[in-house]
2 protein chains.
Amino acid sequence: MTRQYAEAGVDLEGAEAAKARIGQAVATTLTPLSVGRVGAFGGMVRIPEGMRRPTLVLSTDGVGTKVLVALEARRFDTVGEDLVNHSVNDILVHGATPIAFMDYIAGSQMSVDQIADLVEGIARGCRAHRMALAGGETAQMPGLYRSGTYDLAGTIVGVVEEDAAIHGDTIRPGDHLLAYASTGLHTNGYTLARRIVFDRMGLRIDDRLGDLDRSVADVLLDVHRSYFRSVMPVITQVHGLAHITGGGISGNLVRILPEGCEAVVDPTSWDPPRLFTTLQQAGGISIEEMRAVFNLGVGLIAVLPPQAVPAAQAAAAADGVATWTMGEIRPGGQTVRFARP
Amino acid sequence: MTRQYAEAGVDLEGAEAAKARIGQAVATTLTPLSVGRVGAFGGMVRIPEGMRRPTLVLSTDGVGTKVLVALEARRFDTVGEDLVNHSVNDILVHGATPIAFMDYIAGSQMSVDQIADLVEGIARGCRAHRMALAGGETAQMPGLYRSGTYDLAGTIVGVVEEDAAIHGDTIRPGDHLLAYASTGLHTNGYTLARRIVFDRMGLRIDDRLGDLDRSVADVLLDVHRSYFRSVMPVITQVHGLAHITGGGISGNLVRILPEGCEAVVDPTSWDPPRLFTTLQQAGGISIEEMRAVFNLGVGLIAVLPPQAVPAAQAAAAADGVATWTMGEIRPGGQTVRFARP
């Protein structure tokens, strides 16, 4: 409920409509767990009742240079949703259900309307997960930020029963790797993608992106997908989950592998979406760099026993998310290997 | 335990010593509530056992343009501690005990050594409060941040029994206002203070500040005081607590006043520290603006019944913090008034 405006401050005078929008957006995220009142120093949220050993899962993150694309496109709400969904996935991989979110918006010469757009996007992401936007901080600091730019970060608070938390330690040889389709770049690889699209290809934000039938803005601002509804129905059958962010498939999947386990990814099991092949060709990027930077169409990987795969796929399909078996766990040494079966 | 480095990334190669310092700093903050392992996607911390209705108190904040003073002084650890202590106070006012902290460090052309200094300062603040540094994000984004600058934000997670949470609703006429001495500007008013010190007074960072016998750097980087140990021993006797940040005494005290209550502050009950009179004289600042921007020597105000004042003062004295009765609550309309008794 708290929303502070820092000293070097946002000029809120004469922006009553935008202020009202911010207040309304925040109010729509109140949940039965919310406590306290607007204007409090800290936001409050109850731990759900009936838990035996409630454990918090916490993550702080930003959306990186995707904000620069949003600035160029003058579109401020989608990155707010990106931030929330990215954070939801980061704690979902431990089995946690989100209960609260806090944002930090800082920049130089932001208008209150832009801030309201950002907060509305954040609130939309929170509502979709029945999570309270429990607070936030907004600061204008011209001495730090380049004129007209802003940065966006957030912290998510989720909760899980301690003995139900997923750490990857139950992963074993024979488990399958189930890929969940991403919606695009999600929030990673924007420094390289921007260099290719704007510098190498010489495109502007409203141009059509290569042979994709959509504009650069639309493609690059596709919202980071939340896998909460796809995965939660089968969470108890999952041995491990990797959110594919910076570092790509290998860099993230390796983080959850226990000793004695190697992940073998079959690169022929899917065709990366056209966006990725367009970037690769236009940028002259090696397959190794593509794999290290981009998600290549895979937003999340679940590691689970073969017999659990059909239910997991059905749950994802019911949420509108495509999935496929992309490989398996074999005996080996905590590495990820791309290999045809 | 998580510490992510964003894509546009911090170059960690060739900085093994600094990396090790970061890892060691984070490891020193592990508490009995910590769960999980390094490299996890989200940090984990248990809710303390034996609580009936555990309620989280959350706050996200930055340190504002104090970072610009730290940059000028090439001193990176103290603002980390500022960030933690500021956050501790923001949830202490609701009666909460901190259990976890997450930081967000973003900038342009930071060295890993500077990041390590920042994280060490944050970890020092966390250790002092037996709170886990449960995660953090570090991002280098030259497109957003002016060259060589960085911003620093953090989120604190504390816990309180729901029926013990302090909201100010038990404040009543006759209660006393107990002032807790600040250590200086804390983290507010730096835009105005920098203008006065560097522009009006023409001082440089290592010059002596006016007739104070200390350098500009030393005075302006005095660490924001945490009142946790001063207040916690008497927390059950407190009716309300206001952390004096941006907006000064009036702007923050008014936030906790219930209907029917006015706070009357006796400005003759203390002499603002010399730093504030120096800034006022050098800047030609009106008393009204001084009161609206600076804490004037008061970092926290406790509202409590007269009979609880001696114990509160004894607890603060045991923690080395000066206190004095600075006014009282009278029947009135949710305002703060400066008036001689």
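Me: What makes strand 3 of chain A and strand 4 (residues 54–62) of chain B paired strands?

Reply: Happy to start there, with the reminder that this is a predicted model. Between strand 3 of chain A and strand 4 of chain B there are 4 bridges, and the two run antiparallel. Pairing needs at least two bridges, so these strands count as a pair across the two chains. In this pairing, B:Leu56 of strand 4 of chain B is the residue opposite A:Val45.

Me: How do you know that chain A and chain B touch, and how many residues are in contact?

Reply: Contact here means C-beta atoms within 7 Å. By that test, 63 residues of chain A meet 64 residues of chain B. On the chain A side, the elements giving two or more residues are strand 3 (43–46), strand 4 (54–62), helix 2, helix 3, strand 5 (97–107), strand 6 (132–140) and strand 7 (150–161). Strand 4 of chain A contributes the most, 9 residues. Sorted by class, the side of chain A that touches chain B holds 29 nonpolar, 22 polar and 12 charged residues.

Me: How do you know which surface of each copy is used when they meet?

Reply: Of the interface residues of chain A, 100% are interface residues in chain B too, so the copies meet through the same surface.

Me: Why is the 6-strand sheet of chain A called open, and which strands stand at the edges?

Reply: The strand order is 9-11-8-12-10-13, with mixed pairing. Strand 9 (240–243) and strand 13 (336–338) of chain A each have a single partner strand, so one side of each lacks a neighbour in the sheet. From one strand to the next, the twist averages 25°. Inside the sheet, strand 8 (residues 176–181) and strand 11 (residues 298–304) of chain A run antiparallel and are joined by 6 bridges. A:Leu178 has A:Ala302 of strand 11 as its bridge partner.

Me: How do you know that helix 11 (residues 309–318) of chain A packs on this sheet, and which strands does the helix touch?

Reply: Helix 11 of chain A touches strand 8, strand 11 and strand 12 (323–331) of chain A, and its direction makes about 5° with that of strand 8.

Me: What makes strand 10 (residues 261–265) and strand 13 of chain B paired strands?

Reply: They are joined by 3 bridges and run parallel. The cut-off is at least two bridges, so they pair. Within this pair, B:Val336 of strand 13 stands opposite B:Ala263.

Me: How do you know what confidence the predictor has in chain A, and in the complex?

Reply: On a scale from 0 to 100, chain A has a mean pLDDT of 92, with 94% of its residues reaching 70 or more. One exception is residues 5–10 of chain A, where the pLDDT is below 50; this stretch still has 25 contacts in the model beyond near neighbours in sequence. For the complex, the predictor gives an ipTM of 0.92 and a pTM of 0.93.

How values were computed
Residues are numbered from 1 along each chain as its sequence is written. Chains are lettered from A and ligands numbered from 1 in the order in which they are written. This is a predicted model: local features need pLDDT of at least 70, side-chain atom pairs count only at pLDDT 80 or more; totals for chains, interfaces and linings use all residues. Axes are lines fitted to C-alpha atoms, for helices over the stretch in contact, and angles run from 0 to 180 degrees between N-to-C directions. Two residues are in contact if their C-beta atoms, placed from the backbone, lie within 7 Å. Ala, Val, Leu, Ile, Met, Phe, Trp, Tyr, Cys and Pro count as nonpolar, Asp, Glu, Lys and Arg as charged, and the others, Gly among them, as polar.
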